[in-house]
Amino acid sequence: MATVARPAERVQTQEAGGGTLMRVALYVLLFLISAFFLIPLIWMTVTALKPQAEWIHPNWIPQNPTLSNFQRLLNNPALPVFLWIRNSFFVAAIATILTLAIDTMAGYAYARLHFPGRNILFGLLLATLVMPGVIFLVPNYLTVANLPGFGLNTYQSVIAPGLAGVFGVFFMRQFFQGIPKELEEAAYIDGAGTWTTFWRVALPLSLPSLSTLAIITFLASWNDFLWPLLVMGNPDRMTLPVGLALLQGQAVYDFGGIMAGAMITAIPVLTLYLILQRYIIASVAMTGLKG
Amino acid sequence: MASVTQRAQTDAAAVPSAGVGRRFDIMPYLFILPHLIFFVLFLLWPLLYGIYISLFEFDFNNPAFRPFVGIGNYRNLADPNSLEFDAYWNSMKNTLIFVVISTIPMVLSALLLAVLLNGKYRFRNVFRGIFFAPWSLSAVVAALLGWWIFNDQAGIMNGFLDRVGLGTVAWLGAQPGAWIAIVVVTLWWTVGFNTIIYLAALQDIPESLYEAASLDGANLWHKFRYITVPMVAPVTVFIVTIQLIASFQLFAQPQIMTRGGPAESTKPVIMQIYQEGFGAYRMGSAAAMSIVLGIILLIITTLNFRIFGRSEER
């Protein structure tokens, strides 16, 4: 028996040996690629923690680590970084809440309710998906500049054009089309109206989709650059990305301060990403399959 | 009264196709109204308003002087002797250069990363999380990191090259360094997005195809070339399309890293429109430039679907 078993054993170890080598090569490759993605973030952190004398030196561990870059940045009266942080949080939070509210209702109507003009309207919505955002910049700028209740340097002007977006409506419609109709029918038979059925039956089922849409909207709003750059010329009203660009334009050689600013902008979204990574990745995969 | 309305709604839910002979119900319109208001105001109206503005010499700061110029702004873009012609088409050329040199690396490396992530091994999700992390950052942060790393004098890239004896390179101050830096930063920032979409597509390929190929003696390359690539072809068309659109909108990276230089060689068309409309306040001309760009982009994405969408049907 033992002699019979031996060749089989040898084959197994050989396979395992080849497999181990492949595995080592795989992990080496994965670590190299990970380094490519992580090094810029590490270098940002290292620079932000270095005193000025060390900025241009390629040492990866600060010899005299310091928070002076952050202090200088946060105490600069010309650059109201605390206001930028507050503005960014406020704009992203309001944009997310409003997007969820209006896109959920619209998505539900386009998925489930029947009304004259529905298909034409939805076709119109879809048609704008292929249009590049740049053609809306000039006219929307003039619209918010002149519209009563809006105006330049206002939060509503930064937020409102994003609420026109079609992606969220499309996304929620796809979700509502996928849930079984029987639950809503049962609610109607029990005498519930359209709103009650939507609010009590359909909406609770959509919580996972809602959170996906919330994450995508928050990230997009937090990271947006060109539109807030146009609308928020007043430093007190800027969001972090716009303020960062201003900072870089004003203090071109303050590498430590600029990296500290980049860190302040990156940390909230990277934290969000670390916590919600699985959902974010799943949501992106979903948007791909939709296309 | 209420019960009649409810009955009508019951029918609507129970019989999806029954659209005739029912009472008019305002409720569905109330559901879509909040979105529709913003949609009309900021996506539908600006299409018309943009065309309207493009027919005027439209200075934002000078409401008293806004003469109607007809197709004058468009004629300027077609007239080689106009002031706008060179600036606009130079920026368009720069954008096309970026589209061409960025699309292939962005799509190909995404596919390779996805294949790598599709294996079965430990910590796979950790690596996936690392590759995708930069996507969550603002373009401004990504561009600032690139600007600092590729800084000609003080950047770590030149510090490293100098140390290993390769000498320094003028990354942001000369070509092709500036384009290389911008493409690398863009790849670093967004390749994770394409990778995740490819990964989802790879997970839909039946394992049995690869097993059958193994039995026939196919090696890794054969499996990649004759199973993976054809199976993800529809997703490739989708990724190439969104990549084209995204690359055409290039703005933050050159704005932060090179200011469009050296010698305006990385100034993309969005930066040109931005400067025309919001630097020089010539908004009629900027609107015309945007519309021409929009039309070019529509033609390219349509062609992409026609050509690749068709070849994939064969």
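Into which domains is chain A divided? In this predicted model, chain A is divided into domain 1, which spans 2–69, and domain 2, which spans 73–290. Taken over C-alpha atoms, the centres of domain 1 of chain A and domain 2 of chain A are separated by 36 Å. Eight residues of domain 1 of chain A are in contact with eight residues of domain 2 of chain A, and on the domain 1 side helix α1 (residues 2–48) of chain A gives the most, with four residues. By class, that side of domain 1 of chain A has three nonpolar, four polar and one charged residues.

The contact between the chains takes 77 residues from chain A and 77 residues from chain B. On the side of chain A that touches chain B, the largest share, 15 residues, comes from helix α13 (residues 255–290) of chain A, and by class this side has 57 nonpolar, 16 polar and four charged residues.

Turning to chain B, there are 14 helices and zero strands, so that, by the DSSP runs used here, the pattern read along the sequence is α-α-α-α-α-α-α-α-α-α-α-α-α-α.

| Property of chain B | Value |
|---|---|
| Radius of gyration | 26 Å |
| Box filled by the C-alpha atoms, along the principal axes | roughly 85 × 70 × 35 Å |
| Residues that count as buried | 39% of 314 residues |
| Contacts between residues 24 or more positions apart, among contacts with a separation of 6 or more | 66% |

For a compact globule of 314 residues the radius of gyration would be near 20 Å, whereas chain B has 26 Å.

One helix pair of chain B can be described in detail. The axes of helix α4 (residues 83–117) of chain B and helix α11 (residues 233–248) of chain B come within 9 Å and cross at roughly 145°, and the crossing in which α4(B) passes α11(B) is right-handed. Residues of α4(B) that make the contact include B:Phe98, B:Val99, B:Met106 and B:Val107, while those of α11(B) include B:Ile239, B:Val240, B:Leu244 and B:Phe248.

Elsewhere in chain B, helix α7 (residues 156–163) holds the buried residues B:Ile156, B:Met157 and B:Asn158. Just after α7(B), the backbone at B:Gly165 takes a positive phi of about 85°.

Technical notes: Residues numbered from 1 in each chain as written. Chains lettered and ligands numbered in written order. Predicted model: local features only at pLDDT ≥ 70, side-chain atom pairs only at ≥ 80, totals over all residues. Contact = placed C-beta atoms within 7 Å. Helix = DSSP H or I, 4+ residues; strand = E, 2+ residues; numbered from the N terminus. Nonpolar A, V, L, I, M, F, W, Y, C, P; charged D, E, K, R; others polar. Buried ≥ 20, exposed ≤ 12 C-beta atoms within 10 Å, placed from the backbone. Rg over C-alpha atoms; globule rule 2.2 N^0.38 Å. Axes fitted to C-alpha atoms, helices over the stretch in contact; angles between N-to-C directions. Left-handed = near helix turned anticlockwise from the far one by under 90°. Domains from an automatic or database assignment.
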